[in-house]
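Subject: Structure handover

Hello,

Here is the structure for your files. Notes on what was found follow below it.

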Number of protein chains: 6
Amino acid sequence: MKISARNILKGKVVDIVKGTTTAHVRIDVNGTIVTASITNESVDDLGLVKGMTASAVIKASDVMVAVE
Amino acid sequence: MKISARNILKGKVVDIVKGTTTAHVRIDVNGTIVTASITNESVDDLGLVKGMTASAVIKASDVMVAVE
Amino acid sequence: MKISARNILKGKVVDIVKGTTTAHVRIDVNGTIVTASITNESVDDLGLVKGMTASAVIKASDVMVAVE
Amino acid sequence: MKISARNILKGKVVDIVKGTTTAHVRIDVNGTIVTASITNESVDDLGLVKGMTASAVIKASDVMVAVE
Amino acid sequence: MKISARNILKGKVVDIVKGTTTAHVRIDVNGTIVTASITNESVDDLGLVKGMTASAVIKASDVMVAVE
Amino acid sequence: MKISARNILKGKVVDIVKGTTTAHVRIDVNGTIVTASITNESVDDLGLVKGMTASAVIKASDVMVAVE
């Protein structure tokens, strides 16, 4: 599957924390940690476990820019 | 200013392409290119130019996870 | 690629309208028209043309519910 | 109330699963199941119950497109 | 229509700036200016003009919090 | 930090309700209550407590417009 989202950041799952319905998944992309908040159902569907390869997928319109 | 977004990815602006109202800004974060789509007004307000330091700011709930 | 988004609605592209940077793509899903707003770059990358099969991908947290 | 969101997909509520703060609501739109993640408060405010008519409301900019 | 979005901020349209596909609409809510970016199509569909009453509708999950 | 989001609505925290992973924070902006849904982690990181000054930060593309 190819998707329109401009950001497909490939890395390694380094942490998965499940709440009641929502889980936080942290992906190490080239030394940068990206945090995703997805449903527990998705974690199970994707078979996510620590150490596996996964991509953080983000639409360009969901990315803001900040400067100091 | 400190913000609730979980992802504040610091890097360098490598490209700015302005449309009529929306601009695409590419930030090199540790070798990973992150693309943001923001208003032209924001580009001017932030004084964004190529080569300057900037952060890609992304809410965890806007990040999806994909596996091959 | 398998993705965490809960909604992957398969259908047929029925319309593509390009602006300067953003394009509107309409997908007929089982008789329901779903409108996506993606970058022109994405339209070209995905090789989107009218009549082809494509899916509308939507995170559950981006779907609101309304009642009359 | 008329709203700017391009996608107002009318259907029938087929499932409601409440977590601690967030609920998953599934709406059958013409045979296509659309999943929304909204607050428990919203479920109660809207008086959502299985079998009732409801619409999935989605901004065009929150819809991505994917192809195989 | 009643909607699950937690924020329905009623005010007055004070400005509308149309681009090629996207328009910026500014709404004065009790002295606070809220800016929306919607499609030109939506502006026409809703018959938006300066001075009319309109609401800014925002999902709670799209609101971040910042402190100095 | 200066950010590209068009809406930075300064006000006072009037309520914080924590779930398992997600918290609802209500901010009184000039008499208008804005509700944010952020992670519990963010509430702790920002040191949010009732009565303190905080801003609701919202991208223009996440704001819809509705009329009666």
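Between chain B and chain A there are 10 residue pairs in polar contact, both residues at pLDDT 80 or more; a polar contact is a pair of N or O atoms within 3.5 Å, where within protein one must be able to donate a hydrogen and the other to accept it, and residues adjacent in sequence count only if both atoms are side-chain atoms. This is a predicted model, in which local features need pLDDT of at least 70, side-chain atom pairs count only at pLDDT 80 or more, and totals for chains, interfaces and linings use all residues. Residues are numbered from 1 along each chain as its sequence is written, chains are lettered from A and ligands numbered from 1 in the order in which they are written, and side-chain values use heavy atoms, with hydrogens and water left out.

On the side of chain B that touches chain A, β4(B) gives the most, with 7 residues; strands are DSSP runs of E, at least two residues, numbered from the N terminus. By class, that side has 21 nonpolar, 9 polar and 4 charged residues (Ala, Val, Leu, Ile, Met, Phe, Trp, Tyr, Cys and Pro count as nonpolar, Asp, Glu, Lys and Arg as charged, and the others, Gly among them, as polar).

Strand β5 (residues 53-58) of chain A and β6(B) run antiparallel and are joined by 3 bridges; two strands pair if DSSP finds at least two bridges between them. A:A56 has B:V65 in β6(B) as its bridge partner.

The contact takes 34 residues from chain A and 34 residues from chain B, contact meaning heavy atoms within 4.5 Å.

Regards

Note on methods. Helix = DSSP H or I, 4+ residues; strand = E, 2+ residues; numbered from the N terminus.
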